[in-house]
Amino acid sequence: MNITLTVNGRVHRLDVEPRRALGDVLREDCGLTGTHLGCEQGVCGSCTVVVDGRAVRSCLLLAVQCDGCSVRTVEGLAGRDGEPHPLQRAFSAEHALQCGFCTPGFLMLAVAALESDPAIADDPERLRELLTSNLCRCTGYEPIRRAIMRAAGRP
Amino acid sequence: MAHGWARREDARLLTGHGRYVADIAVPGCLDAAFVRSSVAHGRLCGVDCAPARRVPGVRGAWAAADLPGLPPVPLTALAGMSSAEVVAGRVWPSLAVDRVRYAGEAVAVVVGEDRYRAEDGVAEIVVRTDPLPPAVSVAEALDGSVPLFEGLDNVVLERSVGVPIDEAVWGRAAVVVEARYRQQLLLPSPMECRAFLAVPEKDRLTVWCSHQAPYRLRRELAEALDLPVERIRVVTPDSGGAFGSKSATFPEYLTVAFLALTQGAPIRWIEDRAESLLAATRGRGQDQRVRLAADAEGLLLAYELRIDADVGAYPHIGAGLPMQTARMATGAYATPLVHATVRSVLTTTMPTYPYRGAGRPEAAFALERSMDVLADRLGMDPAELRRRNFIPPERFPYETPTGRRYDSGNYAGALDLALKTLDYDGWRAERVRRRASVTALPLGIGLSCYVERSGGEEGGLHEFGGVEACPDGTVIARCGTASSGQSHQTTFSSLVAATLGLDSSRVRFAEGDTDELADGVGSYASRSAQVGGPALHRAATALIGLARERAARLWRLPVGEVAWSGGTLSSRADDAVALDLGELVRVTGSLRVDERFESGMAFPFGTHAAVVEVDPGLGTVRVLRLVAVDDCGVMLNPAAVEGQARGSIAQGIGQALYEGVPYDEAGVPLLPYGLLDYLLPTFTEMPPVEVRETSTPTPWTPLGAKGAGESGCIGTPAAIVNAVADALGVTDPDLLRMPLTPDAVWRAARASAVGSEAGSTVGEGL
Amino acid sequence: MKPAAFDYIVPGTVGEAVGALAEAGERARILAGGQSLILEMRCRRCLPELVVDINRVQGLDQLRVEDGGLQVGALVRHRAFESPRVAPGPLGRLLSRTVVNIAHPPIRALGTMAGSLAWAHPAAEWGAVAVGLDADIELRGRAGTRTVAAHDYFHGPHRTECRPQEMITSVRLPLLDDTVGVAFVEHRRTRAGFAQVAVAVALTVLDGVITQAFIGLANAADRPVRAQVAELSLIGAEIGSSFSDPVIFGSALSDGHPFGHAARIAAEGDADPCAQPYADVEYQRQVVAVLVGRALCQAASDRQAHAGHDGSAGEWR
C-alpha cells in the first residue's frame, strides 16, 4: 500500500504492507534507527514518536494509519543548524541516560508534552503521570525528571 | 564536558545516532525467529518444519534433526563456577533434540527475509510433545519424581564453605533466629533484549552482539563452531543494558552463527520482549534456611546459611553461582563461626544466570533480614546491634570464615552516615507517633549493611588495556571491557588523558571489538573500573616511559634527562629540544603499549536504609524515603557511580516489591501481557532516593577503585523488607516473602495483627 | 511480535464500515485506537484477515451532550476525558477521575472509550463506569442500529453482545445532577499494571439521606459488574459526618456504618472474583471491600464539596 509520511520535515513516499508498525517502517524503510523497539506492546515507550503533535507508541500504530501524517523522531530534535534541542542538552547535563536505549522515547515524550503544555513542568502530579509513561532500567528515573525540569527552564 | 555533552556517549545516544545491533544495516541480512516449546516439560515427538518452508519470504526452517552439526551450548568454565562434572550427561542442545525441559526452549528456527516473514514461518510449524510433569520449584524438583535427565539426579552440585557448626553452639546462645527466605526468580529485563548478528565474510565470521564479554563469546563460538579464534571477530556496539544477562553464549547465538556459516548469508536474531520474558536468562532463585545465634549482649556467635538453588533446566553458570552467596555469607560482621551450604537443583525453568548482584543480594538479604529479626528478639536497636558486630577497620585485611579475604572497610562509617542522612531519630519518633494514632498508616524503618565482592573470582581478576600514540598527536586507548551503559568511553578516556597529562579531547577510546585488542575479559562482576582502569593506567604510564626512551635515543640523552609534560617530550637541560608526542611517532614509528593488569578481589560495602508506610487494608507498601551510602573506594567517575547506584536501587526495589514470575499448573510462566504482568518499577514507584558515599580505597590496585554498580540490588531489598516488617510488627520472618505484593503484605499484616482478633473477616482494615 | 498479514480498508462512512463487516464477519476487526487490538495482533492471539480502520470515518469523533446524556462517538480518545469539563457536573468529574487510571498519556492519545468496551477486558476502567452508570452502547450493523444496556452488553472476558457484523458507533452515559457525588478508586500493583480492582461510584444524597447509589466494579468478576445488592443497602441510609476524612486508610469503617456494611456486601455478594497471580479470591474480595468503602467515602465528600453548586440544598448535614 502506498503512503506518504512526512518525517522530520522530509517527505517519504513508501510502499508498505498494512501490517507493518510505524516503528518498523521508520527504522527499516526510512533508515531512522534512533527509534528503538523495546517491548512492541506499548508498555516501555522506547519507540515513542510524535505524530501530528502527539506522543504515541510507534509499535501500536500501523504505518498505513499515518498516511499523510507528520512524524517527528529523535533524529529531528536538533535545530537546523545542528544545535541540540534543550532537552538533549538537559538529558546530558543531568545524566538522564546510561545505556541510551530508552532515551529517544523519553525525549519524544517530553518534547511533545513541553511544546503542547509547558505548564506541565509546574504540576508535579501531571509530570509524574507523564514520566510514568515510559520505562527506564538504568537511571532510576529521577535524573530524567530533573532533565525535563531543566529543559523547561526550572532547574 | 566535550562539546557541551556531559558524557562522550551522549552526542550519539541523544541524537538517534547510537548504533545498537538491530540498527546495523547489512545488505541481504535475514532475520531469524524461533519456535519455542509451549510446554514446560515433555518428550519431543516431532517437529514438522515443512509448512514453514512454503511460506512466502521464508528462506529456511530447521529443527535439531535438520542440523546435525549444530553444536550444543558450551560450558562456561568461568571462575570455577561450573565444571565438566556438573554438566556431564546433561547436555544443553541449541535446539531441543528429544526432550523439552522448560517453556520457551528453542525447538526450531525459521529464517526469513524479515522478521515478519520469519514469524509467519514460525506460526506454521507444528510441534508435537508428549507432556511430562513439570517441576518449577526446588521443592518439587527435590522429591525425585520428575527427573530432568534419566538416570541422573536433579541435584547437580553440593558444596559448602566454612566449618559445620557444633549443635552445642545453638544451645548455648541467648537467642537463635531461625528463618526461611525465598529469593524469587527475576528477569533482568534490559530495555534492549538480546541481539545477535552473524556476517560470514570470505574466511571470517563477524559477529555483532549486545554482549558483556566479547572475548569470551569469541572463544566459545570458535570452540563450538570449530574455527580458529582469529577467524571470528566479535563486536559489541552500543548495548541497551545488560545487568549480567548478556554474558553467555546462548542457544540462539549458536544456532544463528551456525546457520550464517552453513547458509553463507548474514543472519540476525533480534529477540523480542515476548521471547525475553520466556526464554532469556533469569537471576536469583534460592530457597534459604538460616540460623543466627547471639549472646544476650547481641554479640553474634554463629551463622548458618543453607541454600537450595533453582538453577533451571540445564546446569550452566547458574549451577555454581550460589557459591557466591555462600562465600559472602559472613557479611559485615566478625561472627566467629559461619557455615554455608549449597545444593543446586534442576527445575523445568529457563536456566539461571548472573543478574546484577549475582549471588551477593541473596547473601546480604538472608543475613540482614535475620539481623533485624535478631534485634527485635533482643529488644535492641538494629543499628546498635550491627555496630557491635562490625568487623572493625583495623582488622583488615580480614579472613572470613567463609573463605573471603576482605581488602578494606569502614562499615560503621557507612552506617553512621546513612543514619544521619536519613534522620533516623526523627523517623523513629514519627514511628512512635503513628503507633499511638488510630488513623495513621503504620510506618517502618529498615536497615541493611551489605558487603559485596567486585572484580571477579580467582583466574578472572585480570584485564587488558592498551594505549597507542598516533602520528596526528591523538591517543587511542583500548580495553577488554564492554560497556552496556556504564560510561566507559567517558571515564576511561578521562583516566588515560589524566594519566598522560593530555586534554581528554586528544584521547579516543575503543572497546568491544576483538580486532582492536588481542585479548580481554569483559564487563561483569563490577570489574571495569577496578580492573580495567588500572590496566589502562598501567599502559598509559608505560607509554610515557617508552616515549621518553625513544626521545632519549633520538636526542642521545640519558632517559632521566627527558621530561614528559602534557604530551610533550623535552630535554630537561634545554627547553628548545622538544617534541610533541605526534611528532615523536612520525619520526620514530608507531608507539603502542598493551598491558595486562591483575587485581585482587575487592569488597565494596555500604548501608541502605528505607522508610516505608503500609496500607494494611490493601497491603500496599509505599517507600517514603531511601538512603544509600555506598563505599566503592576511589570513584573514577562520581556521576557514573551515582547513576549506577540509582539504577540498581530501582532494581532492588523491583525485587523487594514487584518483580516475580508466576507459573501456571502446567509450569508455564503466566505473563500473557508481558510487561503488564512482569512489573518493572516505573517513575511512580520510585521513592525519594538519597545517595551518599564514603571512600575506603582498595589497597590492591594503584587507583584504589573498587567495583560499583550493583549496590542497590544487594543492599536495598533487605532494607525495604525490614522496614515493612517493622511497620507491621511482623515477628515471624517466614511471613514476608519477596516480592512483597499487596496480597502477601495484607496476609502478613493480618497474621501479625497479634493473631488475637479471632475470626477475621473480609474487609478488615477497611 | 509482528502481526500476521491482513487486508486493510479505510472506509469513509459507517455504512461502508459495516458493509465490510457484513461481508467478512468474524474474519474482520474494527481498528479505532488500536492500543489493545494491535497488541493482540502482535501476539498473534488475534488474527483478523481484514482490518477495518474507522479512523477516517466522519462524525465518529463527536462528543456531545444531548437529551440528558453524554454521547461519546467511537473515535473519541481517552484523552478527551482528562478535563472534568468534558461533561457537566458530576459526570465530568467522574470521567476525569477515571481516565487518569487508564494506561498513560501516549496510550490515551489514541485509545478510545468505545474500543475499550469492545475489547472488554474485565479490568478495564470504562467497563466499571459503563456498567455502574448503566450506559447505553449503540451497535450498528448492516441491518440497522440497536442499543444495548451496559449490564446486558458484557458476557465475559473479551466476550460481548456485539456481533461480528456489528461495530460500536457510540456510547451514551447519563448525565448526573448536582445532588450526586462521584468517585473512582483503583488498586494495582504498579502504575504499569492492570487494575487488580477498580470501583466507580455515583451517590445521590438529599438532605443527608442516600436516595440512589451506583457502584460499578472492574475486575471483581469475569466482566464488569454493578454492585446492586450493596447499592440497595445504601438507599435511605443517613450518612453523618463519619466520611469526612476524604481518604480513610488506617481507621476502620465499622460494619455498623452504612458504607462499611455496603462494602462488605459488595465484596461478599456482588463480586464474583476470579483468582489471578498475586490475588486469590479471598484477597480480591478484601480489595473490593476496601475500595468500595473508600469510594463511597470519597463520593460523599465529593457531594459535600460540590454542595454549593446544586442551588438547592446548600449545606447539608
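Chain A has 155 residues, and because a compact globule of that length would have a radius of gyration near 15 Å, its own 15 Å agrees with that expectation; the radius is taken over C-alpha atoms, and the globule rule is 2.2 Å times the number of residues to the power 0.38. This is a predicted model, in which local features need pLDDT of at least 70 and side-chain atom pairs count only at pLDDT 80 or more, while totals for chains, interfaces and linings use all residues. Residues are numbered from 1 along each chain as its sequence is written, and chains are lettered from A, with ligands numbered from 1, in the order in which they are written.

Taken along the principal axes, the box filled by the C-alpha atoms of chain A is roughly 45 × 35 × 25 Å. Five helices and five strands are found in chain A, where helices (H or I, at least four residues) and strands (E, at least two) are DSSP runs numbered from the N terminus. Read from the N terminus on, the order of these elements in chain A is β-β-α-β-β-β-α-α-α-α. Of the 155 residues in chain A, 65% are buried, meaning that 20 or more other C-beta atoms, placed from the backbone, lie within 10 Å of the residue's own. Among the contacts in chain A with a separation of 6 or more, 60% join residues 24 or more positions apart, a contact being two residues whose C-beta atoms, placed from the backbone, lie within 7 Å.

Chain B touches both chain A and chain C. The table sets out the two contacts, with Ala, Val, Leu, Ile, Met, Phe, Trp, Tyr, Cys and Pro counted as nonpolar, Asp, Glu, Lys and Arg as charged, and the others, Gly among them, as polar.

| Contact | Residues taken | Make-up of one side |
|---|---|---|
| A with B | 41 residues from chain A, 42 residues from chain B | chain A side: 18 nonpolar, 15 polar, eight charged residues |
| C with B | 33 residues from chain C, 34 residues from chain B | chain C side: 17 nonpolar, eight polar, eight charged residues |

On the side of chain A that touches chain B, α2 (86-93), α3 (103-116), α4 (124-131) and α5 (142-151) of chain A each supply at least two residues, and α2(A) gives the most, with five residues. On the side of chain C that touches chain B, two or more residues come from each of α9 (258-270) and α10 (281-305) of chain C, and the largest share, seven residues, belongs to α10(C).

In α21 (residues 742-752) of chain B, the buried residues are P742(B), D743(B), A744(B), V745(B), W746(B), A748(B) and A749(B).

How values were computed:
A residue is buried if 20 or more other C-beta atoms lie within 10 Å of its own, exposed if 12 or fewer, and partly exposed in between; C-beta atoms are placed from the backbone.
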